[in-house]
Number of protein chains: 2
Amino acid sequence: MTRYYEDVEVGETIDCGSYEVTKEEIVEFAEKYDPQPFHLDEEAAKDSFLGGLVASGWQTACLCMRQNVDHMRDRRFAGARGVDDLRWIRPLRPGDTLSVETEFVAKEPNETYPAIGNVTLETIGRNQRDEPVISYRALGMMERREPIE
Amino acid sequence: MTRYYEDVEVGETIDCGSYEVTKEEIVEFAEKYDPQPFHLDEEAAKDSFLGGLVASGWQTACLCMRQNVDHMRDRRFAGARGVDDLRWIRPLRPGDTLSVETEFVAKEPNETYPAIGNVTLETIGRNQRDEPVISYRALGMMERREPIE
């Protein structure tokens, strides 16, 4: 069943599954988007403030996005306006498993586009020790089944 | 010259250059991190709210990160605590050129780590028509030349 803006219930929480991140993909991402030593090179990372290789925080956010998309394929999203309060709480390291949970915390009509509704989603990613790694609040948009007149 | 936390001047603005994004890398990123139809498939995107293929907002943020890293290699960053007020203002489309500018807007000692100072950086990415595409405020950390006693 395709789900639209009208079908969102505030308070609904989605288990978006988990993902084990490898050293190879941490380095591959860093080479393209965030080539800092502590994301690229294990030896250099050991001497850094972070004490070892860690995933780019942007990659951690992207991994959450992938889990969100995979677990909400029946919903008609239409992009997002932005993100508030993104926090990198703990490093994500090679071999860590990121588990993602997302809650719809608010919804309201979009004042510009009658075919769209705004939804606010809170995402938390935790590691295999159930410690929070990342959290943020996304300002999403969804298609309406029935555009506002 | 290596630049540390102590060397940051609030108000300093860095021109982080520009980058032309291709359709191929928009699709490649989307396949891995954000597989929604309007990031993956030109035909499907035409029928969507966005009216054509657009880069994932997360990819747009990652492209800004890359420009930031490339243009601040002399500075000793130590990761980031998070991001506030990330806004996707306009879509970034295939063939668009993203120009990135980053300003140091605040600095203060880190209360937990004497070897680290906190810096706040405002980043804006604009397209080839000088229209804002993305903006955010990053809560960065930098190494101190002299740790606090």
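Is A:Arg73 buried or exposed? A:Arg73 is exposed, with a relative accessible area of 52%, and the views below start from there. This is a predicted model, in which local features need pLDDT of at least 70, side-chain atom pairs count only at pLDDT 80 or more, and totals for chains, interfaces and linings use all residues. Residues are numbered from 1 along each chain as its sequence is written, chains are lettered from A and ligands numbered from 1 in the order in which they are written, and side-chain values use heavy atoms, with hydrogens and water left out.

**View 1. A:Arg73 and its partner A:Asp70.** These two residues form a salt bridge, with the closest N and O atoms 2.9 Å apart. A salt bridge here is a side-chain nitrogen of Lys or Arg within 4 Å of a carboxyl oxygen of Asp or Glu. A:Asp70 is partly exposed, at 28% relative accessibility. Buried means under 20% relative accessible area, exposed over 50%, and partly exposed in between, using a 1.4 Å probe and protein chains only.

**View 2. A salt bridge between the chains.** A:Lys32 pairs with B:Glu25, the closest N and O atoms being 3.3 Å apart. Because A:Lys32 lies in helix 1 of chain A and B:Glu25 in helix 1 of chain B, the pair joins two chains. A:Lys32 is partly exposed at 34%, while B:Glu25 is buried at 7%. Helices (H or I, at least four residues) and strands (E, at least two) are DSSP runs, numbered from the N terminus.

**View 3. A negative surface patch.** A:Glu28, A:Glu31, B:Glu28 and B:Glu31 form this patch. Helix 1 (23-33) of chain A and helix 1 (23-33) of chain B each give two or more residues to the patch. Patch residues have over 30% relative accessible area and no salt bridge; like charges are joined within 9 Å, and nonpolar side chains (Val, Leu, Ile, Met, Phe, Trp, Tyr) within 5 Å.

**View 4. Helix 4 of chain B.** This helix (residues 57-71) is mostly covered, with twelve of its 15 residues buried, among them B:Trp58, B:Cys62 and B:Met65. Its end C-alpha atoms are 22 Å apart, which agrees with the 21 Å that its 15 residues should span at 1.5 Å a residue. The expected span is 1.5 Å times one less than the number of residues.

**View 5. B:Asp74 with B:Arg75.** In this salt bridge the closest N and O atoms are 4.0 Å apart. B:Asp74 is partly exposed at 27%, whereas B:Arg75 is buried at 7%.

Technical notes:
Areas by Shrake-Rupley, 256 points an atom, 1.4 Å probe, with all protein chains shown as cover. Lys, Arg positive; Asp, Glu negative; His and termini not counted. Charge placed at Lys NZ, Arg CZ, Asp CG, Glu CD.
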